[in-house]
Amino acid sequence: VGTSPHHPSPSSSLSPLSQRRKLSKSQPGHGVFATTRLSASFVSTSTSLAAERTSAAEEDRLRKTMHIQNELRLLKETKRTIEKQIQEKEQLVSAMMAKTSTDEPGTAQNQKPPPQTEEQEDLSVTRIGVVRSVYRLCVGTPRQGSLAPDGRGRIALDKLGNSLVDATVGGLEEFSHVWIVFRFHLNTQSNKKGVRFKSKIAPPALGGRKVGIYATRSPHRRNPIGITLCKLDRIQVDGPHKVTIHVSGLDLVDGTPVLDVKPYVPGYDSVMTDVSSRPIERPRPSLDAAEAETTTPQPSSTAIQLPSSQVPDWVKEGLATRRNVVITTTANNELVEILRRDPNALEFYGPHCVIDRGAAPDDTLQTMLRVIEQVLGADVRSSWQTRKARNGRSQAQRARRVRTRFDVESEPGWRPSDNEVTSTSMATAEEAPETTMCTQQLDNLLIYFRVTETKGERESSEGSGAEDGITVKSIRLLSNAEKKERGRRK
């Protein structure tokens, strides 16, 4: 029977969903392919949307970055404009102030301010070398090198420009002492800008009484520049640009920048010496014996009589005061054992040093014992540092400058390990010094000592501890951290 609009086929009466199901059954695999195409279309659409969102986020980030950069550029331009205006205003105010101070009756009102003189210009200096010494810390370093004449150090000169460094020291070996002009590089106050410097300070030797800053040798000054007198031991030249000046009796911390080196001339630098020029010798008429006895020699008219020096009493008393230092048998034996195991254990003392070559083996021991007595005997501190020392809370091994150079621990209860023989100096953990003791670093040694408060004869000694008793309990050898690190690399 044919189909007609009046007689539809059986399949045409089915719903669309039924027709799709029937088609899927009649054509195997057709529905799976349709589903796969749908999934692929959905994934493609999702990927496209994600890419559009990423692109939009990237454009938004770039737009914000450009906006911030434009704002930063505008701020910089505004800053430069403001700084220029401030500079112009300052110059205008300076010109008006100078004109006001220089204007007098009869002078022109439009007179220009005077140009800046050499005295008003800032001084610029260049380091010529650096100090290497037995002292790593400011605390404990002698306040004057003459108080510890056996303390040693050296100055490594820098190469400046095209000049030959070895030529700069030509003739200096003929002098016995030199002046060292240096910078207090560890003075934290002078390194800060805008710090108000005090006009008066209280030196430790005055027991709390204050004097003017220019009446002291305090490092806390407007210009942190110092000068010290050292004994010239040797000049070592290893090349045209490698020169080392070996000195002793110095009071400079390791790493101090050197600004200048000058020879010491007693006739110029000491007011205790009369400086007289040599008169030209002229022939004199012969005198008989009687006339020669009655003739009184007259001083030369060219003689220069310098006045004797004068210092305050508190300075004289401070120079004459020393603390009593006692080195125990245990500490002495530890130092003997350190030098016996390694005669070159110290950096500035021993047969490897040119100064000590040819000396007896016991000379290094005796020299080091003198250094310990000299440094600890003249260790005058502020009242705050004195209280710390009396309570056993002044420990050098906890300072950063010591820890960076030597292999030590920062804890108060520091104990070296048993396998580090060079650090323990043959002492067991039970024999280790008490943690309440003070320590002082000298060369490669760590000195353990106890401070005993003593009633001094001078009233000013009460706050400075200048007359306290010192008992050295132990002496340890510090391992050099730099050498140890180089050993690990090898």
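# Close-up views of a predicted model

**View 1. His246 and its polar partner.** The side chain of His246 makes a polar contact with the side chain of Gln236, at 2.8 Å. This is a predicted model. His246 belongs to strand β7, which covers residues 242-248. Is His246 buried or exposed? Its relative accessible area is 17%, so His246 is buried. Leaving out residues up to four places away in sequence, His246 touches Gly153, Arg154, Lys231, Leu232, Asp233, Arg234 and Gln236. Val354 is 108 residues away from His246 along the chain, yet their C-alpha atoms are separated by 9.6 Å.

**View 2. The closed barrel.** Strand β7 is one of 6 strands in a closed barrel, which runs β1-β2-β7-β6-β3-β8. The pairing in this barrel is antiparallel. From one strand to the next, the twist averages 45°. Look at β3 (residues 177-183) and β6 (residues 225-239): these antiparallel strands are joined by 7 bridges. Which residue of β6 is the bridge partner of Phe182? It is Gly226.

**View 3. Arg136 in its loop.** Arg136 sits in the loop between β1 (129-133) and β2. Arg136 counts as buried because its relative accessibility is 10%, and the cut-off for buried is under 20%. The side chain of Arg136 makes a polar contact with the side chain of Asp254, at 2.7 Å. Beyond residues up to four places away in sequence, Arg136 touches Val253, Asp254, Arg401, Val402, Thr404, Arg405, Phe406 and Gln441.

**View 4. The open sheet.** Here 4 strands form an open sheet with mixed pairing, in the order β11-β14-β13-β12. Its edge strands are β11 (324-327) and β12 (438-442), and each pairs on one side only. Neighbouring strands of the sheet are turned by 35° against each other on average, with direction ignored. Follow the pairs across the sheet. β11 and β14 (residues 469-477) pair in the parallel sense over 4 bridges. Ile327 has Val472 of β14 as its bridge partner. β13 and β14 pair in the antiparallel sense, over 8 bridges. Val451 stands opposite Ile470 of β14. β12 and β13 are also antiparallel, with 5 bridges. In that pair, Thr439 has Tyr448 of β13 as its bridge partner.

**View 5. The hairpin and strand β13.** The hairpin of β12 and β13 has 2 residues between the strands. Which residue of this hairpin takes a positive phi? Asp443 does, with a phi near 55°. How many of the 8 residues of β13 are buried? The count is 6, and β13 is mostly covered.

**View 6. Helix α8 and its cover.** α8 has 17 residues. From its first C-alpha to its last it reaches 25 Å, close to the 24 Å expected at 1.5 Å a residue. The buried residues of α8 include Thr364, Leu365, Met368, Leu369, Val371, Ile372, Val375 and Leu376. Thr367, Gln374 and Gly377 of α8 are buried too. What covers the buried residues of α8? The cover includes β2 (152-157), β11, α7, β12, β13 and β14.

**View 7. The largest nonpolar core.** This core has 30 residues, of which Leu445, Val472 and Ile475 touch the most other members. The elements that give two or more residues to this core are α7, α8, β12, β13 and β14. Which element gives the largest share? It is α8, with 7 residues. Now centre on Leu445. Not counting residues up to four places away in sequence, Leu445 touches Leu335, Ile338, Leu346, Met368, Gln440, Ile475, Arg476, Leu477 and Leu478. Another core, of 20 residues, lies apart from the largest one. Among its residues are Val165, Val169, Leu250 and Val258.

Conventions
Residues are numbered from 1 along each chain as its sequence is written. This is a predicted model: local features need pLDDT of at least 70, side-chain atom pairs count only at pLDDT 80 or more; totals for chains, interfaces and linings use all residues. Side-chain values use heavy atoms; hydrogens and water are left out. Two strands pair if DSSP finds at least two bridges between them. Axes are lines fitted to C-alpha atoms, for helices over the stretch in contact, and angles run from 0 to 180 degrees between N-to-C directions. Buried means under 20% relative accessible area, exposed over 50%, partly exposed in between (1.4 Å probe, protein chains only). The expected span of a helix is 1.5 Å times one less than its number of residues. Contact means heavy atoms within 4.5 Å. A polar contact is a pair of N or O atoms within 3.5 Å; within protein, one must be able to donate a hydrogen and the other to accept it, and residues adjacent in sequence count only if both atoms are side-chain atoms. A nonpolar core is a set of buried Ala, Val, Leu, Ile, Met, Phe, Trp, Tyr and Cys residues joined through side-chain atoms within 4.5 Å.
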